Amino acid sequence: MAGKTIAEKILSSHSNTDSYAGDIVIADLDFMIGQDGTSGVAIDSFNKMGAEKISDPSKIAIIVDHSSPSPNSGVSAIHKKIRDFSKTYGIKLYDIGCGVCHQITPEQGHVVPGDLVIGADSHTCTYGAINVFSTGIGSTDFAAGMISGKLWFKVPETLKVVYRGKLPKGVFSKDLILKLIGDITADGATYMALEIGGEAISSLSVDARFTISNMAIECGAKAGLMETDQKVLDWVNRHSKKIPSPVFADKEAKYAKTIEINIAQLEPQIAKPHTVDNVVPISKLEETTVAQGYIGTCTNGRLEDFQIAAKILKGKKINSNCRLIIAPASKDILLDMIKDGTYQTLLDSGAIAVTPGCGPCVGTHNGVPSDGENVISTANRNFKGRMGNVNSFIYLGSPATVAASMLKGKISDPRNFIN
Amino acid sequence: MNLTGKARVPKTRDDINTDYIISGRYKFKIQDPNELAKHVMEDLDPQFYSRVQKGDFLVAGRNFGCGSSREQAPQAIKYAGLQAVLAKSFARIFYRNCFNLGILAIECDTDKIEEEDELGIDIDQGIIKNKTKNVGIKIAPLPKTMQILLSDGGLIEHFKKHGGFKIS
């Protein structure tokens, strides 16, 4: 029998089939999530389908994170609809201030290695870092999942990505994933799963690995899978009571392609406006002044990200022409930041903290840039208008790059600020 | 199935993301799809909605619908009156969302289609006739699952009819 990829194994085991890339399966879901931008439509679809009950409410969570707390009455109406629905059907609701769905879901122990998970949010691929086949779907698929506990999938081909070498000083996991997206472009992995590994990945913390899997969708991928190691198992056991079932790829598994990236000489990477694949090494970026910095999101709003930024900003003040917004990805992260002094350091440097959640990433609240302004952000998207103003320009980089840029008032190489 | 209508081509053809199709500024607060539709493609091509007439086809390039999973994107296209989307390739979630809403998404070479061109689409024969330019364009065959969802009128109707997934 032919060898299998991680994606082929997880989709086979959850559909009780022996499936390979290209096959269509109907699979049992271990968990599913929605957020405030997508769950309103999912509730409409659920009602239109004439459903009266949910297959298993314990396998569902809805997280109010994208526009939270509500900035206007239109959003408030959607939030109320979500609260009412969750209450009626006994679904776990993480309301305003709990954090971003893609931090909450693994952090609160809802998903463990080997699981099959869907989310009505494109960055659901984040949990691939802990060996979960998780993928973004639309609201009506979410409704169908809630009703039946299942979803149909086309088993994807897999693109294998191997990161070789040791991470240079001042270079972080964000730079690794931006490099890949720049190389293969925004549709380089459409309809495929990524399987990401290599010694550079093993050296990363679990927090840092989430950053990479989170952005798998930015090259079109359906999932951003990694294998488990002791670091992942320790992390999962700290956060979840569920039993993990790690899945490893077979040696003879068939891949659509294998890409090797040597990172020994890699520089910090920047994605320039207005596409995520418009990536340049920082030394090739023309002088770019910035008015706003943002550290947060499901990509880079974790404790380690803020610690890296705090190390650069400690005892210094951000440039008087800049404002730095920070949004911890969850309330637990916020509490950890308070406990270890990171929060104080960042506020002392001049940072402005907003509610745990998506922050200004999606352009609905918390820091819409002005016309003509450049923003340097740790988010995953720099589309025109993404932060709420079509006449602003979003650059993406690591938390270290954002912190360094805030000191200089222009996009700056963090290697000059790290000993 | 035979369809006819005019081509509507946004100003930029490739990598049109769902933020461009419907901005977060609107999708988070407007629940009425007819209202949302008025903002379709606004950040990319502010005049787009005013050019659309009922029954037109949206025509784009590579990687159409990349980015966010928002179902409001295909919803806005549908309620703007566009009857199908033609692109060289589609992002995965958007493609799936289209058929879930009963919207036809066709993969084909769109280089030979321009704004206002009169198109005739024969799904069964797998061909688009560009009547304005007098050229034929081949269509990639529709996957079986998508044909089933489309003929049922989308996933909501599919679930009402079968009480679950019946896709093979």
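Me: What area is buried between chain A and chain B?
Reply: This is a predicted model, where local features need pLDDT of at least 70, side-chain atom pairs count only at pLDDT 80 or more, and totals for chains, interfaces and linings use all residues. Buried area is the accessible area (1.4 Å probe) that two parts lose on being put together, summed over both. Carbon and sulfur atoms give 57% of it here, and the total is about 3,900 Å².

Me: How many residues of chain B are in contact with chain A?
Reply: Contact means heavy atoms within 4.5 Å. Chain A brings 51 residues. On chain B the number is 40.

Me: Which residue of chain B forms a salt bridge with A:Asp187?
Reply: A salt bridge needs a side-chain nitrogen of Lys or Arg within 4 Å of a carboxyl oxygen of Asp or Glu. The count between the two chains is three. For A:Asp187, the closest N and O atoms are 2.7 Å apart, and the partner is B:Arg62.

Me: Where does UniProt list the "Aconitase A/isopropylmalate dehydratase small subunit swivel" domain?
Reply: The record is an unreviewed entry; its annotations may be inferred rather than shown by experiment. Residues are numbered from 1 along each chain as its sequence is written, and chains are lettered from A in the order in which they are written.

Definitions and conventions: Side-chain values use heavy atoms; hydrogens and water are left out.
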